[in-house]
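Thanks for coming, everyone. Please have the model open.

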Amino acid sequence: RPSSVSGLPFRLRPYQEETCDIFHAGGSERGGSGVIVLPCGAGKTIVGMGCMARLRTSTLILTTSVTAVRQWVAELLDKTTLRADQIGEYTGAAKEIRPVTVSTYQIMTYRPSALEAFTHMGLFDRRDWGLIIYDEVHLLQAPVFQATAGLQARRRLGLTATLVREDGREGDVFALIGPKKADV
């Protein structure tokens, strides 16, 4: 079936479509938020874009690095009908907030000292995000990154290849984001 991601000659693989359908749940509240576990190379970014296409709402994507931010932006421009002026990069190099904004956990949780407030978090918390995508969500259990789970959003999507952690806190991600929706 044609991709719901864009009008480009691009198709989601059947398991990617199914994963997006499970997360979206026909738009019902039962869809809510949750975690999708897919192996490396299985197209977690594609699934994230498929979920964005179904929800059609403002989206914040949190990643692990500026390199990952730019990879997400490139994939969004390549595989969706989003224009460059609809996608913002919020990093140390650029401070753009757009309908789809891609940033890092590190910039969200930056503060000059442990006694001060997070410098950028308030700006993002004042927005009405329809969806927050947590790329590499297994990192969210780190005490400082947990603060990003408190950002205002109607839905949350965690993407990861593995929930296994050395500290044994794999289950904490479900309390922060929601239940596992799919595990391929």
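**Aromatic pairs**

The count comes to 3 aromatic pairs, where rings of Phe, Tyr and Trp (its six-membered ring) pair if their centres lie within 6.5 Å. Planes under 30 degrees apart count as stacked, over 60 as edge-to-face, and the rest as tilted. Take Y90 and F124: ring centres 4.7 Å apart and planes at 85°, so edge-to-face. Y90 lies in strand β3 (residues 87-90) and F124 in helix α5 (residues 121-125), so this pair ties together parts 34 residues apart in sequence. Helices (H or I, at least four residues) and strands (E, at least two) are DSSP runs, numbered from the N terminus.

Next, F124 and W129. Their ring centres are 6.1 Å apart and their planes at 15°, so this pair is stacked. Ring pairs link Y90, F124 and W129 into a cluster. Is F124 buried or exposed? F124 is buried, at 0% relative accessibility. W129 is buried at 0% as well. Buried means under 20% relative accessible area, exposed over 50%, partly exposed in between (1.4 Å probe, protein chains only).

A word on the source: this is a predicted model, local features need pLDDT of at least 70, side-chain atom pairs count only at pLDDT 80 or more, and totals for chains, interfaces and linings use all residues. Residues are numbered from 1 along each chain as its sequence is written, and side-chain values use heavy atoms, with hydrogens and water left out.

**Cores**

The largest nonpolar core has 25 residues. Such a core is a set of buried Ala, Val, Leu, Ile, Met, Phe, Trp, Tyr and Cys residues joined through side-chain atoms within 4.5 Å. Among those with the most contacts inside it are I36, W72 and L157. Elements giving two or more residues to this core include α1 (14-24), α2 (44-55) and β6 (153-160). Which element gives the most? That is α2, with 6 residues. Leaving aside neighbours within four places in sequence, L157 is in contact with residues including F23, I36, C51 and I177. Contact means heavy atoms within 4.5 Å.

**E89**

Back to strand β3, where E89 is found. E89 is buried, with a relative accessible area of 14%. Its side chain makes polar contacts with the side chains of R70, at 3.0 Å, and T91, at 2.7 Å. A polar contact is a pair of N or O atoms within 3.5 Å; within protein, one must be able to donate a hydrogen and the other to accept it, and residues adjacent in sequence count only if both atoms are side-chain atoms.
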